[in-house]
Amino acid sequence: MEDIVPMIGQEMLRISDKYFTAEPLRGYARAFIREKQAESMRFGLLTVLHYRMFGGDSGQICQAAAAIELFILASDILDDLQDGDAPQQAWSQVQPAAAMQTAASLIVLSQQAMLELEFEQAVLLPVVRMMNEQLLKAANGQMLDLVNAVTDEDSYIAMVQHKSAALIILACMTGVMLAGREWHSIVAEYAGEVGMAAQIKNDIRDLLRWDDKNDFILRKKTLLTLFLLEEIAEEDQWIADYFEGRLQAEDIAGRQQMLEEACDRTGAALYGSVRMRMHFNRFQELLDEVPEAASAKDKLLEIFSS
């Protein structure tokens with residue numbers, strides 16, 4: 001399957017060059033796509049893999065995968081610009097207004113690439129409708145994340161289901177439905193479970209790192225930071241004081257080890273690991289319920305474990 005990755009990247013560039021004829025939009029788009037190519041094409045791979053799992057054999061699936069990756073790229077650009085925590089990325093090194101315009105253009109481009117597919121309308125239109133529904137769901141989740149609206153475990157799960165899980169469902173279901181199948185509830189469920197697992201894995205990483213992406217430093221409400229705040233002892237009151245704004249960033253400088261010790265005492269990181277494993281195990285259980293996935297099981301596990 002790895003041989004498909006360069007083909008997806010080439011399709012992204014081809015579609016971009018076809019519609020983005022004005023500079024600097026054309027140049028920005030090419031630069032951003034090339035950066036995406038150097039990172040991960042996991043979503044496009046999921047589209048191709050699910051298409052083949054369910055009997056699809058059109059070479060046009062690479063264009064569909066490119067459409068998915070174009071949207072994921074746009075989402076990544078907007079996310080990084082909103083957070084302001086990825087200065088090394090190509091889109092962070094141009095004027096924010098230009099980067100935002102390019103991201104907005106890529107969203108439209110992804111829709112256009114999907115609509116141009118030479119599939120029967122009876123197949124294509126439900127796919128585009130599903131795509132828009134998942135993208136709108138992800139937009140709601142992104143806004144909840146952006147305004148730090150999480151208050152408890154239930155609202156955290158709802159936010160992740162709308163944001164991270166919706167995009168994985170989009171990638172998988174595009175492949176399923178382009179192969180001529182209807183919405184597959186079990187595929188959607190296992191994609192949602194692995195989306196939850198992936199988000200919790202990111203939360204563990206972002207709690208224990210000590211830089212501009214640290215969720216504690218950013219006072220970001222996640223499953224782990226909420227758990228940590230509920231379980232801290234009196235000696236760790238400074239954690240609550242910082243999270244609630246009574247202390248500022250300069251007041252906690254150099255307290256990385258103290259935070260790590262608090263995470264160990266409360267079991268916050270362990271709790272996150274257990275919850276991540278629960279969702280991943282459920283994904284594996286559901287995967288076994290889809291006969292079409294038998295031949296692709298090892299590859300799916302590889303993609304979702306990376």
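The model is predicted.

The largest nonpolar core has 106 residues. Within this core, the members that touch the most other members are M114, Y156, L178, Y190, F216, L300 and F304. Helix α4, residues 61–83, supplies the largest share of the core, with 13 residues. M114 shows how one of these core residues is surrounded. Beyond its neighbours within four places in sequence, M114 is in contact with A64, A67 and I68, and also with L124, V127, V128, M131 and T174.

Helix α4 can be looked at on its own. The helix has 23 residues and spans 33 Å from its first C-alpha to its last. That span is close to the 33 Å expected at 1.5 Å a residue.

Next comes the surface. A nonpolar patch is formed there by M143, L146 and V147, which together have about 270 Å² of accessible area. M143 belongs to helix α6, residues 121–146. The relative accessible area of M143 is 48%, so this residue counts as partly exposed, since the exposed class begins only over 50%.

E189 is also partly exposed, at a relative accessible area of 36%. This residue lies in helix α9, residues 185–208. Which residues does E189 touch, not counting those up to four places away in sequence? The contacts of E189 are R282 and L286. In sequence, E189 and L287 are 98 residues apart, but in space their C-alpha atoms are 9.5 Å apart.

The charged side chains come last. Side chains of opposite charge can pair when their charged atoms come close. The count of salt bridges in the model is 20. One of them joins R30 and D17, with an N to O distance of 2.4 Å. The pair links distant parts of the chain, R30 being in helix α2 (residues 25–39) and D17 in helix α1 (residues 4–19), 13 residues apart. R30 is partly exposed, with a relative accessible area of 24%, and D17 is partly exposed as well, at 21%.

A second salt bridge pairs K36 with E69, where the closest N and O atoms are 2.8 Å apart. Here K36 in helix α2 is linked to E69 in helix α4, 33 residues apart. Are K36 and E69 buried or exposed? K36 has a relative accessibility of 4%, so it counts as buried. E69 has a relative accessibility of 0%, so E69 counts as buried too.

R265 sits in helix α12 (residues 256–266) and E235 in the loop between α10 (223–231) and α11 (237–243), so the pair ties together parts that are 30 residues apart in sequence. R265 is partly exposed at 44% relative accessibility, whereas E235 is exposed, with a relative accessible area of 57%.

Salt bridges also occur as a network, which links R205, D206, R209 and D211.

Terms used. Residues numbered from 1 in each chain as written. Predicted model: local features only at pLDDT ≥ 70, side-chain atom pairs only at ≥ 80, totals over all residues. Heavy atoms only, no water. Core = buried A, V, L, I, M, F, W, Y, C linked by side-chain atoms within 4.5 Å. Buried < 20%, exposed > 50% of the residue type's maximum accessible area, 1.4 Å probe, protein only. Helix = DSSP H or I, 4+ residues; strand = E, 2+ residues; numbered from the N terminus. Contact = heavy atoms within 4.5 Å. Patch = residues over 30% accessible without salt bridge, like charges linked within 9 Å, V, L, I, M, F, W, Y side chains within 5 Å. Areas by Shrake-Rupley, 256 points an atom, 1.4 Å probe, with all protein chains shown as cover. Salt bridge = Lys/Arg side-chain N within 4 Å of Asp/Glu carboxyl O. Expected span 1.5 Å × (residues − 1).
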